[in-house]
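Colleague: Hi! Could you walk me through the side-chain contacts in this one?

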Amino acid sequence: MYIEPKVEEYRPKEHLKAWLADPLGRDQYVTYRGDDVEIHWHGKASQCEVAYSKKNWTELYVSWSPMGTYFATLFRQGVRLWGGPSWEPQQRFAHPLVKLMDFSPCEQYLVTWSHDPITVPPNLPQGPEFFSPEDEGNNIAVWDIKSGHLLRTFPTSLIEGEDSSMKKQMQWPALKWSLDDKFVARVTPGQQISVYELPSMGLHDKKSIKIEGVIDFEWCPHGEKDRDEAEKAAKSGKTPKKAKENMLAYWTPEVANQPARVTLLEFPSRRILRQKNLFNVTECKLYWQNQGDFLCVKVDRHTKTKKSILCSLEIFRIREKDFPVEVVELKDTVTDFSWEPKGERFAIVSSNDPNLGNPAPGITIKTDISFYQLDRGKNDFRLLRTLASRTSNTIRWSPRGRHVVLATVGSSTKSELEFWDLDFNNEDRREGQAAEWGSGIQHVGSADHYGVTDVEWDPSGRYLATSASAWRHTLENGYAIWDFRGQVIEKHILDRFKQFIWRPRPPTLLTKEQQRQIRRNLKEYSRTFDEDDAAEESNVSAELIALRKRLVDEWNAWRVRCKRDLVDEKRSRGQRVDGDRHAEEKEEIEEWIDEVIEQIEEVAE
């Protein structure tokens, strides 16, 4: 007998970016401690609160998607995505014993990895969202986030260690995405780069890019200049003569009689744009500036005897004709490199400490921090300033640029934080006053967070979070939030604390002209903010006065209650109580009168 199914009531879905409409303009962050996961609102002291909390929300760790739309948790069965004001489940991906995951830049796809190869038991459910027998033996899976469908699986590619005796290591992320989510690529070390088209995940042009000896590659980011050009073309109604293609950079070591080489490759045309030969190379690392304006190749070179290592920075200027390369030669070993976001400066950590290669327990490596900037007049990168004899080993730029934090991370003896402003005299420059080269670099604050393991700026660039994770050590775990001058906002020491992550923001929807208009009217906006701050302070004062009055009233009521209890207790014992009405009726008044009975006078001779 046919039974007509019930029609479910329509329920509109929650907006996955609803947190951006917060009337107070607050950011969010997540903390993971023990079995508890909490999502917090961050603002002024009176605005900080827990937005959502859940126990046993994850079994491994938590992660945000690149634009903050999704919140990911990992379980033995796979990955789950959550979102919206109610944090309802949005999607699930069945990858048993998953250990690692990675989002595509535009949040359309997800990559998962498990150390255990995929197996497909006979009773496993069938469907586009499940593994099939042809996936057996692979470790990496690519998923479509909207549909939840499995797109393709891959085996794990391993990279040999520098020493033949070292174990092979897996490179993560194993798949690297172009910034528009159109392509994803993986390297087969020493052989080729394979680029796949989305969403079909088919091999582009049905063949890989054969590159003998290739070690690593990175896609070029898309900058605001590229988006501005697209906006102008859209407004004018004209189509660009040629759409800007994606670009990737890769490097190959010395093979046979050929030198090491860095190559810029246009894709999908596969046209080589620029090559640079390098000699006596031990290792290379690629660092793109986040707008795609520059590429720095950090080259570690060995001497002919191979007993010492030198370093040079090969900087490609991507926006200029023929991609000119500037070379910065350094005598010391560079342990960290970082571009200023949206800027033309970079910072490096270098050291010539003899303990650098093999640090002993309890020994802190001495380092130098150097800042460089592109000098448009001389058309090369010049040293701004070097901070000598530091212990800092980590550089963290504010996402807005200008401010930078130098941190000593992972040390058992040092845990210093130094806050620097690289445009401290910016007002003088606006007024046309001449400024000495590098004079704008100013130390604005210092702090200390014992056992710090992670350092991360919030999306606004106004606050810095530091945390000490129990995954690294068990001494004074917890987190702290500082302002950009190094003043502590809040600090919490929490046992079994594991993670702190700011929620990312998506790119702004405002055009360049709208942003300029806001900057021009910034004083009007700041006046409104000042009024809000004053109103909040008055509200806080009123609340404080009300609290004090309430406490005084409670104290007076307690005194009256105690006196009444004391009177009742005396009466029960039959004792006279001062002020009692019955005692007043029996009260006797005594009057004392002096009376002279006899008076004798005597005269002394």
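Predicted model: local features only at pLDDT ≥ 70, side-chain atom pairs only at ≥ 80, totals over all residues.

Colleague: Great. How many salt bridges does a search of the whole structure find?

Modeller: The search finds 27 salt bridges. The criterion is a side-chain nitrogen of Lys or Arg within 4 Å of a carboxyl oxygen of Asp or Glu.

Colleague: Pick one for me. What does Lys-176 form a salt bridge with?

Modeller: Its partner is Asp-216, and the closest N and O atoms are 2.8 Å apart. Lys-176 is in strand β14 (residues 176–177) and Asp-216 in strand β19 (residues 216–219), so the pair ties together parts that are 40 residues apart in sequence. Strands here are DSSP runs of E with at least two residues, helices are runs of H or I with at least four, and both are numbered from the N terminus.

Colleague: Are Lys-176 and Asp-216 buried or exposed?

Modeller: Both Lys-176 and Asp-216 are buried. Buried means under 20% relative accessible area, exposed means over 50%, and partly exposed is in between, using a 1.4 Å probe and protein chains only. Lys-176 also lies over the face of Phe-217, at 5.2 Å from the ring centre. That label needs NZ of Lys or CZ of Arg within 6 Å of the ring centre and within 35 degrees of the ring normal.

Colleague: Nice. Where does Arg-503 lie?

Modeller: Arg-503 is over the face of Trp-19, 3.6 Å from the ring centre.

Colleague: Back to salt bridges: which side chain does Arg-485 meet?

Modeller: Arg-485 meets Asp-483, at 3.1 Å from N to O. Arg-485 is partly exposed, with a relative accessible area of 43%, whereas Asp-483 counts as buried at 9%. There is also a network, in which salt bridges that share partners join Arg-317, Glu-320, Glu-326, Glu-344 and Arg-376.

Colleague: Switching to rings, how many aromatic pairs does the search find?

Modeller: It finds 33 aromatic pairs across the whole structure. Rings of Phe, Tyr and Trp (its six-membered ring) pair if their centres lie within 6.5 Å; planes under 30 degrees apart are stacked, over 60 edge-to-face, and the rest tilted. One of the pairs is Trp-57 with Trp-82, edge-to-face at 5.6 Å centre to centre and 70° between the planes. This pair links distant parts of the chain, with Trp-57 in the loop between β3 (49–55) and β4 (62–64) and Trp-82 in strand β6 (residues 78–83), 25 residues apart. Both Trp-57 and Trp-82 are buried.

Colleague: And why is the pair of Phe-371 and Trp-397 edge-to-face?

Modeller: The ring centres of Phe-371 and Trp-397 are 6.4 Å apart and the planes are at 80°, so the pair is edge-to-face. Phe-371 sits in strand β29 (residues 367–375) and Trp-397 in strand β31 (residues 394–397), 26 residues apart. Phe-371 counts as buried at 0% relative accessibility, and Trp-397 is buried at 7%.

Colleague: Which residues do ring pairs link into a cluster?

Modeller: The cluster is made of Tyr-287, Phe-294, Phe-337, Trp-339, Phe-346, Tyr-372 and Phe-381.

Colleague: How many disulfides turn up?

Modeller: Zero in the whole structure. Cys-296 is in no disulfide, and the nearest cysteine sulfur, in Cys-311, is 8.1 Å away. The cut-off is a pair of cysteine sulfur atoms within 2.5 Å.

Colleague: Let's do the backbone. Which residues does a cis peptide bond join?

Modeller: One joins Leu-198 and Pro-199, with omega about 5°. The bond from Phe-267 to Pro-268 is cis too, with omega near 15°. Separately, Lys-206 has a positive phi of about 60° although it is not a glycine. Lys-206 is exposed, with a relative accessible area of 78%.

Colleague: Last one: which residues form the nonpolar patch on the surface?

Modeller: Leu-510, Ile-518, Leu-522, Tyr-525 and Phe-529 form it, with about 450 Å² of accessible area together. Patch members have over 30% relative accessible area and no salt bridge; like charges are joined within 9 Å, and nonpolar side chains (Val, Leu, Ile, Met, Phe, Trp, Tyr) within 5 Å. The areas come from the Shrake-Rupley method with a 1.4 Å probe, and for residues only the protein chains shown count as cover. Helix α4 (residues 522–572) gives the most to the patch, with three residues.

Key:
Residues numbered from 1 in each chain as written. Heavy atoms only, no water.
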